[in-house]
Amino acid sequence: MKNTIIECKDVSFTYDHTDVLEHISLEVKEGEFWALIGPNGSGKSTLIKLILGLIKPSSGSIKLFGEEMSSFRQRERIGYVSQKSNAFNSGFPATVLEVVRSGLTRKTGLFKRFTKRDDQQAMEALKIVKMDPYHSRPIGELSGGQQQRVFIARALVGKPDLLIMDEPTVGIDQQNIASFYSMLQTLNREHGIAILLVTHEIDIVTDLASHVACLNRTIHFHGVQSDYKKMDDIDISNWYGHPVRRVHQSDREAER
Amino acid sequence: MIEAIFNYEFLQNAFLSGIIIGIIAPLLGLFIVVRRLALIADALSHVALAGIAGSLYLSQQVLFLSALNPIYLGMAAAVGGSLLIERLRGAYRHFEELAIPIILSAGIGVGAIFISLAKGFGTDLVGYLFGSVSAVSRQDLGIVAFIALCVIGFVYFFYKELFALSFDREYAKVSGVQGKLIQTIFMIIVALVIGASMRIVGILLVSSLMTLPVAAAIQLAKSFKGAMLYSIAIGELSVLIGLVSAYYLDIAPGGTIVITSVIILLLVLLFKKTWQKMVRTKGEADVV
Ligand SMILES: Nc1ncnc2c1ncn2[C@@H]1O[C@H](COP(=O)(O)OP(=O)(O)OP(=O)(O)O)[C@@H](O)[C@H]1O
Ligand SMILES: [Mg+2]
């Protein structure tokens, strides 16, 4: 039996009287790769923040690794890339390596200092996103896409069991997106890391993900990828709110 | 000068406190500046003013308080102010910076009331406002040394957490860093450093010693560690040059220290390009 990593039970959330999320129930199990999709303002980032414990649900409950959110302590098991991760103060004096290493803060433990080993791990994480040649550069002097890759490295450095990413590929060029997704696939298939990925790149991701959740205030569909693909475009357009035409792998190849 | 330092205890006190403050004020200042909270130091120093003025007034009025070192009440007020700022920042979630002018005005207000109640304090108060070479006692030096130990211990043991919180508060929270606790300790320590520094640089100029060396340092540094070292070096340089010239010119050291750091900052801005070129070519040589 696979363990449940994220368990949302009947979760609702209200921002100053507007219901943003209603009755969300979702289970992510070990080794699964979930794509969370939905139009702008559908509540994806809000759901992610609830799962991370950054905000509290108005009702319902969320468990992480089988533990109630309020008593969950194993935060080093989660890697996170936020939607606005490069909204930091761009004059901040820190090197790429220092930023990535900060992802090990919790793992290294209170009162302890970073060691050479921590630096090596940070370098390995940078290699995964191909940013290792930039390790001593100030973070503010990188391009937006490069910064984003550094933040992905920060999420990976602690070797998490669960990766949560909110539109991590924003600002990353086509070629690097492709290699980023194949990296996610490797992390998922070979290292067994569970992934929850928010994205607007519906076509690419549904080919990679094992599961898909469609969100627009409520969950309109959740299940394995093959079932999602069986839905027709009309159903999808209905919950998406505007017409959507999915391009399948075969179509894309035909186009080339 | 050197001879005078050996001969006069007051000069030893002033220089030793100055050297210590030159380290701890910019060290904490770095964490304040990178979070764009430079005005917090200003607000807290004005709250310290309220405490100092209150203490001076009480020592005029109440006989058994006349020997009380005003630094204690000044520090206590600053610590209280720092906790209040944290509270207010929580209350005005979208206007966090609003907490700062509220506290700052309250500090000046209370200070002004005590000063006018006492019909002025003359030289005593001027010493607290702009610093003094001659007024630092052994007791003051002891307090400064003790606070320095707290500050350096705190930054040493919580370096990772402080960095994570300063760089990205949301990520730090997600990864389980004890943000609230560390932030509260941090604010208390900032208040203590302000209390410790005001004897030398004065209440009105404490915040400059916390921010100006950092402003120059982040122009030069590529890493956080580097920014820290540059901040301390520039802070120390300003304090030493400032104290020596204050001694010779017989004026308040606060002014000379801060003006020195302003000049260093201007020089850094002027020569930044050349400097960076030097470091770059050297750095590239190292990599190859
Ligand atoms: N801080 C906030 N205060 C009030 N309402 C908010 C806040 N943040 C988001 N909302 C509202 O909540 C709803 C969901 O926002 P959310 O950011 O979760 O959407 P999203 O699905 O991530 O959108 P996008 O694709 O644009 O990232 C939106 O209608 C938005 O207006
Ligand atoms: Mg979003």
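## Ligand 1 and its surroundings

Let's start at the ligand: a nitrogen atom of ligand 1 sits 3.4 Å from an N or O atom in the side chain of A:Tyr15, a polar contact in the sense of a pair of N or O atoms within 3.5 Å. The protein covers 62% of the 640 Å² of accessible area that ligand 1 has on its own, with areas taken from the Shrake-Rupley method with a 1.4 Å probe. An oxygen atom of ligand 1 is 2.5 Å from an N or O atom in the side chain of A:Thr46, and a backbone N or O atom of A:Gly41 lies 2.9 Å from an oxygen atom of ligand 1.

In all, 13 residues surround ligand 1, the closest being A:Asn40, A:Lys44, A:Ser45, A:Thr46 and A:Gln83; a residue counts here if one of its heavy atoms lies within 4 Å. By class, this shell holds three nonpolar, eight polar and two charged residues. Helix 1 of chain A contributes the most to the shell, with three residues.

## About the model

This is a predicted model, in which local features need pLDDT of at least 70 and side-chain atom pairs count only at pLDDT 80 or more, while totals for chains, interfaces and linings use all residues. Residues are numbered from 1 along each chain as its sequence is written, chains are lettered from A and ligands numbered from 1 in the order in which they are written, and side-chain values use heavy atoms, leaving out hydrogens and water.

## The magnesium ion

A:Ser45 (OG) and A:Gln83 (OE1) coordinate the magnesium ion (ligand 2) at 1.9 to 2.1 Å; donors are N, O and S atoms within 2.8 Å of the metal (3.2 Å for Na, K and Ca), and the site may look incomplete because water is not among the atoms. The two residues are 38 residues apart, with A:Ser45 in helix 1 (residues 44–52) and A:Gln83 in the loop between strand 6 (78–81) and helix 2 (96–101) of chain A. Helices (H or I, at least four residues) and strands (E, at least two) are DSSP runs.

A:Ser45 is partly exposed, at 21% relative accessible area, and A:Gln83 is partly exposed at 36%. Partly exposed lies between buried (under 20%) and exposed (over 50%), using a 1.4 Å probe and protein chains only.

Five of the five residues in strand 3 (residues 33–37) of chain A are buried. A:Phe33, A:Ala35 and A:Ile37 point one way, A:Trp34 and A:Leu36 the other.

Strand 3 of chain A runs parallel to strand 8 (residues 194–198) of chain A, joined by four bridges; pairing requires at least two bridges found by DSSP. There, A:Ala35 stands opposite A:Leu197. Strand 3 of chain A also pairs in the parallel sense with strand 9 (residues 211–216) of chain A over four bridges, where A:Ile37 has A:Cys214 as its bridge partner.

Technical notes:
Polar contact = N/O pair within 3.5 Å; in protein donor to acceptor, adjacent residues only side chain to side chain. Nonpolar A, V, L, I, M, F, W, Y, C, P; charged D, E, K, R; others polar.
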